[in-house]
Amino acid sequence: MELDPLILSRIQFAFVVSFHAIFPVFTIGLASYIAVLEGLAFKTRNPVWTKLSTFWTKVFAVVFGMGVVSGIVMSFQFGTNWSAFSQASANFLGPILSYEVITAFFLEAAFLGVLLFGRDKVPAGVHLFAAIMVATGTFISSFWILAANSWMQTPAGVEFREGVFHVVSWSEAIFNPSFPYRFMHMALASFLTGGFVVAGVSAWYLLRGREVEANRKALSMCLWLLLFIAPAQAVVGDFHGLNTLEHQPTKVAAMEGNWETSRNVPLLLFAIPDQENQTNHFEIGIPSLASLILTHEWDGEVPGLNEVAVEEQPPVAIVFWSFRIMVGIGVLMILFALAGLFLRAGGRLYKTRWYLQGMRFMSIAPFFAVLTGWFVTEVGRAPWLVYGMMTQAESVTPSLTGGMALFTLIGYIVVYALVFSAGVYYLMRVLYVGLEDADDEEHASDRPARPLSAAHVPFEIESGSHGVHQAKPANEGGH
Amino acid sequence: MELFDLALIWAFIIGFGIIMYVLMDGFDLGVGILFPFAPSEEDRDTMMNSVAPVWDGNETWLVLGGAGLLAAFPMVYSIFLPALYIGVFLLLAGLIFRGVAFEFRFKARTSRYLWNWSFAGGSTIAAFAQGAVVGAYIQGFNTVNGAYVGGALDWLTPFTVLTGLGMLAGYALLGSTWLIMKTEGRLQEWAYRVSAPLLIAVLVVFGIISVWTPFVDDMVRERWFSNLSVIWILPALTLLCAFQIWRSVRNRFEGMPFVATMGLFITTYLGLVVSKWPYVVPPNYTLWDAASAYESQLFLLLGLLFVIPIVLAYTAWTYWVFRGKVRAGEGYH
């Protein structure tokens, strides 16, 4: 079989961007949580809030650091594997992505340093302000990235002349039709991720009886947040879906596994899409429900995959199943948030072990929901890269061979496996050491652009220690 | 409506960014290259401590350079990256490994040797890849209609291997003269000792490249030899810098070797610029061919004019805070 550079480039981009996405989606939510903790600490002067904030800021630093490292690769991927696309869309995407870099730089230079290292050096109000600015900065950063992505989904404000997109209206291009929905959906996803991770880790500490007062507060406030935003995400997701139906009906058809345009379309709970024969096997569905959800009428007409030629259809099975996993996790999230409310009403929230264990496992659920959600929207627009204007095949680097693409695909997998295993391992160490870690000494070389320098937990497990009292690394002797 | 030649302004900005990156990442890559050869583990601690507080800013220049190229000169971006495909991967992998090593070596004890190798190996690969990129630029690219049409390894030739080695030697020299300035005692003495052979290596490789380039490139030959022009002042200054390095190392000056090495890099860089001006994708495309649309260049320029002074001020402030000598055992960290 001949190696296809297009398929390999798509896999490579999916791999690199998926790996990258899990870090920022967490830090965006966590930054807001830290800002809230700082606000509570400022207002109430209760040291518990400061303790929680100090700990989660450390976690934030490690995750942010990994996001920065994996992000470097992203800014070169467009050129190496998608040079024809880069050349064509640079007039819009170049400035937009550059503004993201500028935003990120500002964030690091001006406010991240104060947040990570300034607790005892600046007045409490200034520290709170820095926390709020970091949280705001992460949203501005995602604003640019999602503007770029949404433009590729629903291009607007440009003219296509001589093979190149020219911007005729920056505001129309940035605030393109799918942008507001995608931004809201992603913002809530970040809050859900931050909320479930903090809740899950707090539940784990409670199961082990560690720092009970602080972790109960953390779990409690996260559950209140999740109680509102988990259902809210379902509503926003519905609006996002309707927007997609308007602009990218084929994607919705793939999400629903709907091969032919028809009325009274069922909501499929299970099916095995068969792209070759343009049909599904083993369908289990609820009659007419998809029509109701998408058109708000029982007998509403839902466009099918047959509206476009077979070669213009996305890979249906990936989109169909990713969508179901995402929605399934979303439903699970709502159930966990509601269960929390009932247990709280019965006064059993902090003692119900099955629930705390469940929350512990739910801490990884949002990452799968986010990734499968992105699979839906990214795979679902295939074969287009700029929807309706430029296909993936037209976008790939013309000189790229299958062998080259395979070489770097394997290369990135190896590099990421090594580097991020170390990173995730270290993150686990930070979580294991937990809130009790008293090492908050200053280190003069700690820099905001090296966020990991905000954590001083040693890399290896000390023999004989159980994570509460840590000896310091030898080279951290003098200060 | 087009009041300014924005492409020219952008060429100046990106050109400035490149030399800033080379000088500032150069010495800390150089410290990484020299890392395995240091006299002792304690000296390695000191070496790393000498660059730990300041190396971070360089990532900013690199990413901003990547995104800025896409915005201002998309043709450069979309020809260089495919043409240097494998090299770009090696460069990024090298930078990732050494960046992570910086963080984890400080937190590690028994696994420290792994991070030592990660730091040294990553730095060496990244430096070599950058040198090869320069060589590939001098060589030129096989293009049709603004797209690269050459092979995967066209960039890897004896000439680019030589420029890669030249960059290794040059960065190592920046690293050793940096250590002269920032350390004392046994480590400083070691840095003095390795600087002389490194200088010779740099001069030999740079010399071969300077003689070789006019032979492979008609335009460069024309420019330098058709009539005796003022640009010959640049190689003269380069030699003057080299002499200054040699003299100041022999006389055990502390700051001058590093300053003169930076001078050597700047004059060589300017020599390269005048050789190739105004071609950004040799041999076919000038910076005006490669530029993006006027309104796109303007849109980003407004933000950048605001941010560049802040980047520079922040960088200067960092170096000011961490001025002075790093001593063994009482490092910054």
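Reader: Which residues of chain B does the UniProt annotation "transmembrane region" cover?
Author: According to the unreviewed UniProt entry, that label goes to residues 6-39, 83-101, 113-138, 158-180, 192-212, 224-246, 258-279 and 299-322 of chain B. UniProt positions are given here in the numbering used for this model, feature names are shortened, and annotations may be inferred rather than shown by experiment.

Reader: How is the numbering done, and what kind of model is it?
Author: Residues count from 1 along each chain as its sequence is written, while chains are lettered from A and ligands numbered from 1 in the order in which they are written. It's a predicted model, where local features need pLDDT of at least 70, side-chain atom pairs count only at pLDDT 80 or more, and totals for chains, interfaces and linings use all residues.

Reader: Back to those spans. How much helix is in 113-138 of chain B?
Author: Residues 113-138 of chain B are 100% helix and 0% strand, with the end C-alpha atoms 38 Å apart. Helices (H or I, at least four residues) and strands (E, at least two) are DSSP runs, numbered from the N terminus.

Reader: And 258-279 of chain B?
Author: That span is 86% helix and 5% strand, and its end C-alpha atoms are 31 Å apart.

Reader: How many helices and strands does chain B have in total?
Author: Chain B has 13 helices and four strands. Its radius of gyration is 20 Å, close to the 20 Å from the globule rule for 333 residues, so chain B is as compact as a globular protein of that length. The radius is taken over C-alpha atoms, and the rule is 2.2 Å times the number of residues to the power 0.38.

Reader: What about helices and strands in chain A?
Author: Chain A has 14 helices and six strands. Its radius of gyration is 24 Å, close to the 23 Å that the rule gives for 479 residues, so chain A too is as compact as a globular protein of that length.

Reader: How do H14(A) and H5(B) cross?
Author: The axes of H14 (402-433) of chain A and H5 (85-107) of chain B come within 10 Å and cross at roughly 5°. Axes are lines fitted to C-alpha atoms, for helices over the stretch in contact, and angles run from 0 to 180 degrees between N-to-C directions. H14(A) and H5(B) are therefore roughly parallel, a label for angles under 35 degrees. Residues in this contact include A:Phe407 and B:Phe97; by class there are 14 nonpolar, two polar and no charged.

Reader: How confident is the predictor about chain A?
Author: Chain A averages a pLDDT of 90, and 93% of the residues score at least 70. pLDDT is the predictor's confidence in each residue, from 0 to 100. Over residues 464-479 of chain A, though, the pLDDT is below 50.

Reader: Last one: where is B:Pro283?
Author: B:Pro283 sits in the loop between strands E3 (279-281) and E4 (285-286) of chain B. The peptide bond from B:Pro282 to B:Pro283 is cis, with omega near 0°.

Terms used:
Parallel < 35°, antiparallel > 145°, perpendicular 65-115°, else oblique. Contact = placed C-beta atoms within 7 Å. Nonpolar A, V, L, I, M, F, W, Y, C, P; charged D, E, K, R; others polar.
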